[in-house]
Amino acid sequence: MSNIRVTYSGLIQFVVGLIIIIAGFVSTLIVTRSLTVEEFGTWRLILGVIVYALAIQPMISFWSTREIARGIESGKTAIISNTMLSSVGIIIYVAIAFLTSEYTDADREALIFACILIPIMFVAGTLNAINYGWKPQAVAYGYLVLEIGKIPLLLITVYWLELGIHGIILSTFIAYVATLIVLSIFAREKLVSKFNIKYLKKWFKLFWLSLYPWMVSLIHTLDILVFSIITGSVVGLAFYGASMIVAKLCMSAGQIAESVYPKLLEGEHSGFITNNITLLSYFIIPLASISIFFAEEILFALNPIYQIAYLVIIFMTIRTFLFTYSMQFARFLTGIEKVDARENQSFTDFIKSKLFSIPTVRLIQYAAYIVTLVIVLFLTLSGSSQIDLIIYWSIIWLIVEIPAFIYFYIAMKKNFKFGFEMKKITKYFLTSILVFGFISMISKQFLELNAEIFVFVPNLLMYIGAGVIGYLIITYFIDSRTKQLFVTVLKEIRSKKVS
């Protein structure tokens, strides 16, 4: 057993996650201010194609988390196996990159050069899976090193040397090397066992089950390829990417619940689910409010060109808000599934399990999403601007998430003693709207959008920071759970100082 402390580990991951967001924002600021719209769109396309190259990686890493959490020492076997498997990922990436470059205005040379990222991402993904099974906070530390490491590297390669997309790729590769070192240090106790072919045989035998959820996700990521191919341009992807950066701010709150999954795999699933979701709500609501109320200002900071996409962020943020909950619900449900821990399971046992049924729900959702997106794009392409098309895209994205959220919420009610603590969540929601709405109105009166970037960004952060402080103070006085959380954190800090 890993003796995972759900709240403690979740808070560490959340705090680290916020630092990652800030570091990631700085990195993105360097990129969006240095690249043209077409170059940034090509980079977003590269990230979309890489997803397909990594499609076979979960065939091994999926089981690593579940086995490590249950005390099975399969770490070294997983690392060696996935490193070799990365060669197949490179072939997949290059093939899709060539195909995509034929139908878009993307930079083919940059697309192909990005294949150097595939092997190192395979290894990083496996180390993340191993650490997730027993030290979930280590995953956050790895991402922290990745994002902070990118900043000086991007300044050198993109800002000063003006290497463009090639500079981003090189910076990302070097930052991943540092990340691998950190992740390996945390996972070292799980990498000392010998290579065991028995584990590999099991993983390949059940490859269809481990790849199924990831293949389902691949259908979802078809939206990037569909949009770029139908429009014949990567310009829309640049606006999409900039909006997504802002909308995904609230997803960092999901770090609060990351430790629940390995805890459920250990066999414990009572007494902390509702509390954990309430804690998630406490953080996700203000983060979503920041994205919505300060959408225009944050986009301006990234690059004034993207400012006109602020309406997209509203729909994207609401969708991301719902998805953060439904993603955690789905993960909790698979966490209590024990079919893979039993001996002599049949094919039918796996088909009936949550490991299969949960991804199937997502498959239906994402298939409807892609089909709808294709139809809408074809119907509106001729008379719409790129921004109009992105708005339609974000609306579709939101609509298809609503039924999935409802389904997973009902499933949670059936499998756990769970329910939203609506009284507390309403307090968080009203306080957040009041505080950030008021600060936003003030900022629109006094914050100049034409100021120098090194003046504008600190001023913007000052307004956002004032809103965060106001939210924390008000909820401290009106909510007993918040007050208890503050006391717990202070006690933890004091105990660390004493030790």
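Where is the place of phenylalanine 207? Phenylalanine 207 sits in helix α10, residues 207-220.

## Ground rules

This is a predicted model, where local features need pLDDT of at least 70, side-chain atom pairs count only at pLDDT 80 or more, and totals for chains, interfaces and linings use all residues. Residues are numbered from 1 along each chain as its sequence is written, and side-chain values use heavy atoms, with hydrogens and water left out.

Helices (H or I, at least four residues) are DSSP runs, numbered from the N terminus.

## Phenylalanine 207

With a relative accessible area of 39%, phenylalanine 207 is partly exposed; that means between buried (under 20%) and exposed (over 50%), using a 1.4 Å probe and protein chains only.

## Helix α15

Helix α15 (residues 295-302) is largely enclosed by the rest of the structure, because 7 of its 8 residues are buried. Those buried residues are Ala295, Glu297, Ile298, Leu299, Phe300, Ala301 and Leu302.

## The cavity

There's 1 cavity of 30 Å³ or more here, and the largest cavity has a volume of about 40 Å³. A cavity is a set of points on a 1 Å grid over the protein atoms alone where a 1.4 Å probe fits but cannot get out, and lining residues have an atom within 4 Å of a point. Points are joined across faces, edges and corners, and the volume is the space filled by probe spheres set on them.

The lining of the largest cavity is made of Thr278, Leu279, Tyr282, Tyr428, Asp479, Arg481, Thr482 and Leu485. Helices α14 (273-293) and α22 (480-498) are the elements that give two or more residues to that lining.

Key: 1 Å grid on protein atoms, 1.4 Å probe; cavity = no way out; pocket = protein on both sides within 12 Å on 5 of 7 lines; lining within 4 Å.
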